[in-house]
Amino acid sequence: MGVFTKEISIRWSDLDPNFHMRHSAYYDFGAQHRVEVLAQEGLTLHAMKENHIGPILFKEECVFRKEIHLHNTITISTKIAKMRADASRWTIVHELTNENGELCAKISVDGAWMDTKLRKLATPTPAIVADVMHAFPKTEDFILI
């Protein structure tokens with residue numbers, strides 16, 4: 001897997017009273033993109049449900065750099081910044097850039113995998129989970145923890 005990027009459309013409903021993108025919309029775009037990346041590599045929501053495994057977040061943070069407005073052309077990219085060797089814990093980073101390549105926002109999420117039957121943290125099984133996580137694009141400063 002190389003770099004996973006996607007152009008996103010800013011919707012009217014993504015705006016706040018100041019006519020720029022509301023803070024919670026950034027998190028929504030990040031969550032959607034994570035699910036799309038996993039699904040593209042074969043780890044679909046159906047596969048997660050069948051195998052009783054799902055991602056959970058411990059922390060989600062966004063650093064806002066530039067305003068995003070309704071008609072901006074925005075690209076979101078998704079990479080892993082940190083991960084345990086067994087892929088059980090990870091940090092994923094999303095960067096939202098404008099049509100000039102300027103960084104508008106950077107979202108970081110710290111997460112893990114949960115056994116959805118036991119409702120407890122788990123080392124991911126089946127092997128596809130770890131395989132997909134290891135194949136995920138990495139940041140330049142990626143750390144194996």
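**Figure 1. Packing of helix H3 in the predicted model.** The buried residues of H3 are in contact (heavy atoms within 4.5 Å) with helix H1 (23–40), strand E2 (53–64), strand E3 (74–83), strand E4 (89–97), strand E5 (103–115) and strand E7 (138–144). Helix H3 spans residues 127–135, and its buried residues are Val129, Ala130, Val132 and Met133, where buried means under 20% relative accessible area, exposed over 50% and partly exposed in between, with a 1.4 Å probe and protein chains only. These residues lie on the same side of H3, because they cover an arc of only 165° around the axis, the arc being that of the directions from the helix axis to the C-beta atoms. Helices (H or I, at least four residues) and strands (E, at least two) are DSSP runs, numbered from the N terminus. This is a predicted model, in which local features need pLDDT of at least 70 and side-chain atom pairs count only at pLDDT 80 or more, whereas totals for chains, interfaces and linings use all residues. Residues are numbered from 1 along each chain as its sequence is written, and side-chain values use heavy atoms, with hydrogens and water left out.

**Figure 2. The largest nonpolar core.** This core has 36 residues, and Leu96 and Trp113 are those with the most contacts inside it; a nonpolar core is a set of buried Ala, Val, Leu, Ile, Met, Phe, Trp, Tyr and Cys residues joined through side-chain atoms within 4.5 Å. At least two residues of this core come from each of strand E1 (4–8), H1, H2, E2, E3, E4, E5 and H3, and H1 supplies the largest share, six residues.

**Figure 3. Cys62 and Cys104.** The structure holds zero disulfides, a disulfide being a pair of cysteine sulfur atoms within 2.5 Å. The cysteine sulfur closest to that of Cys62 belongs to Cys104 and is 10 Å away, which is too far for a bond. Cys62 counts as buried because its relative accessibility is 11%, and Cys104 likewise counts as buried, at 1% relative accessibility.

**Figure 4. Leu45 in helix H2.** Leu45 is located in helix H2, which comprises residues 45–50, and it counts as exposed because its relative accessibility is 56%. Between Leu45 and Val35, which are ten residues apart in sequence, the C-alpha to C-alpha distance is 7.9 Å.
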